[in-house]
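This report describes one protein model, starting from a single residue and moving out to the whole chain. Please look at the structure below before reading on.

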Amino acid sequence: MTSMQPGRLDPAPDQRRAWPSSALREPPRSGGSPIEGCVVAAYRIPTSEPEADGTRRWDATTMLAVHIEAGGHRGFGYSYCHAAFGRIVLDTLAPAINGIDAFDLPTARARMLAALREIGTSGAGAMALSAVDTALWDLKARLLECSLLELWGGARDAVPTYASGGFTNYSDDHLADQLAVWAAQGFAAVKIKIGSEPARDPERVGVARDAIGSQIRLMVDANGALSRKQALQLAERLSHYDVRWFEEPVSSDDLDGLRLLRDRAPAPIEIAAGEYGWEAHDFTRLLQHGAVDVLQADGSRCGGYSGLFEADTLSRVHGVPLSLHGVPALHAACAAALPNLRDVEYFHDHARIEAMLLDGLPSLHDGCLWPERGEPGHGLMLRERDAERWRI
């Protein structure tokens, strides 16, 4: 086993692989493709300018990139999370799946969930698992020399999206300019952040409506920054601007508050939440409580592609549409295969980073993502040389 440098997530290229001792290896299955290696790197990419929502401000976003190797192929997955979560991949998840047949994803997932028992399967554990799960699915399709869409079967060719940004620290002019560009690009819906200054939010929403015109659907996201009373009052005022979506008006943990907003907000406004669902139980709670009109899920947080299929099944059972949060390039292929999908968030930060660092992006036109069907796996490849300058 190659030793890791203390305190460094991703050492020099010849030291990146971490596996348990040979005594802990699972013997490869006859005729299979045993998993042979895991490479982890984290990249902290500055935003083009400081950004803020209703609860926090930031000036950089970190991508955790994971490659899993078997049979001469590499599967690639990633999550936007803290760099420290890479240690969970290297020290806990990678040893759990070492030597397992790369085609046996159920066993790999069961081993990883068992290995997370002392860490937890939510939060940090879920985000680390998500990056590995997407890499494993990508690897399986590459070994089969097919795309993920061919592997899963596509429910649609084009994936509807909505453009998302409009941060609360933007000036009115900056907000209007960003939204006008998205409208010109053909997006049928746009979403802005609110909640930093609730008293001024109706004015900002008015600026947004003027920028996009009357035909484009307008959505807002408070990131759980408001109290129930604030959110109810604001929903009434925003309805005058034909706002159709109110995301996390109160905390996602406040199921009664979400249900209150769903029952009492003006009828055209849908209540959405779920981006912090880590596992199936979290989605089940939201759905059983009647807390949302639209369930959200994020494959970089909820256990990867496997978690998205669980969320899709649950949303169908409860008769609620599913919307995928952020990470548009990673989501595109899976979104095309989800029967209950409504749309995918084309989030400004994530779309910018993916364009900077990845090859094989799904094409974007007419407000839709068009996943690549002709390339193996999800078709995405990390440009490691380009990313190196931001490696931490």
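Asn223 sits in the loop that links strand E6 (217–221) to helix H7 (228–238). Helices (H or I, at least four residues) and strands (E, at least two) are DSSP runs, numbered from the N terminus. The model is predicted: local features need pLDDT of at least 70, side-chain atom pairs count only at pLDDT 80 or more, and totals for chains, interfaces and linings use all residues. Residues are numbered from 1 along each chain as its sequence is written, and side-chain values use heavy atoms, with hydrogens and water left out.

With a relative accessible area of 11%, Asn223 is buried; buried means under 20% relative accessible area, exposed over 50% and partly exposed in between (1.4 Å probe, protein chains only). Apart from neighbours within four places in sequence, the contacts of Asn223 are Asp53, Gly54, Thr55, Lys193, Glu247 and Glu248. A contact means heavy atoms within 4.5 Å.

Helix H3 (residues 124–143) has 20 residues, which at 1.5 Å a residue should span 28 Å, and the 29 Å between its end C-alpha atoms agrees. The expected span is 1.5 Å times one less than the number of residues. Of the 20 residues in H3, 19 are buried.

Helix H11 (residues 328–335) is largely enclosed by the rest of the structure, because eight of its eight residues are buried. Among the buried residues of H11 are Pro328, His331 and Cys334.

## Cys368

Cys368 belongs to strand E14 (residues 368–370). Its relative accessibility is 16%, so Cys368 counts as buried. Not counting residues up to four places away in sequence, Cys368 touches Ala158, Val159, Pro160, Thr161 and Ser363. Ile45 lies 323 residues from Cys368 along the chain, and their C-alpha atoms are separated by 26 Å.

## The chain as a whole

The protein chain holds 13 helices and 15 strands. Its C-alpha trace spans about 65 × 40 × 40 Å along the principal axes. For 392 residues, a compact globule would have a radius of gyration near 21 Å, and the 21 Å of the protein chain agrees. This radius is taken over C-alpha atoms, and the globule rule is 2.2 Å times the number of residues to the power 0.38.

Buried residues account for 59% of the 392 residues. Of the contacts between residues at least 6 apart in sequence, 71% join residues at least 24 apart.
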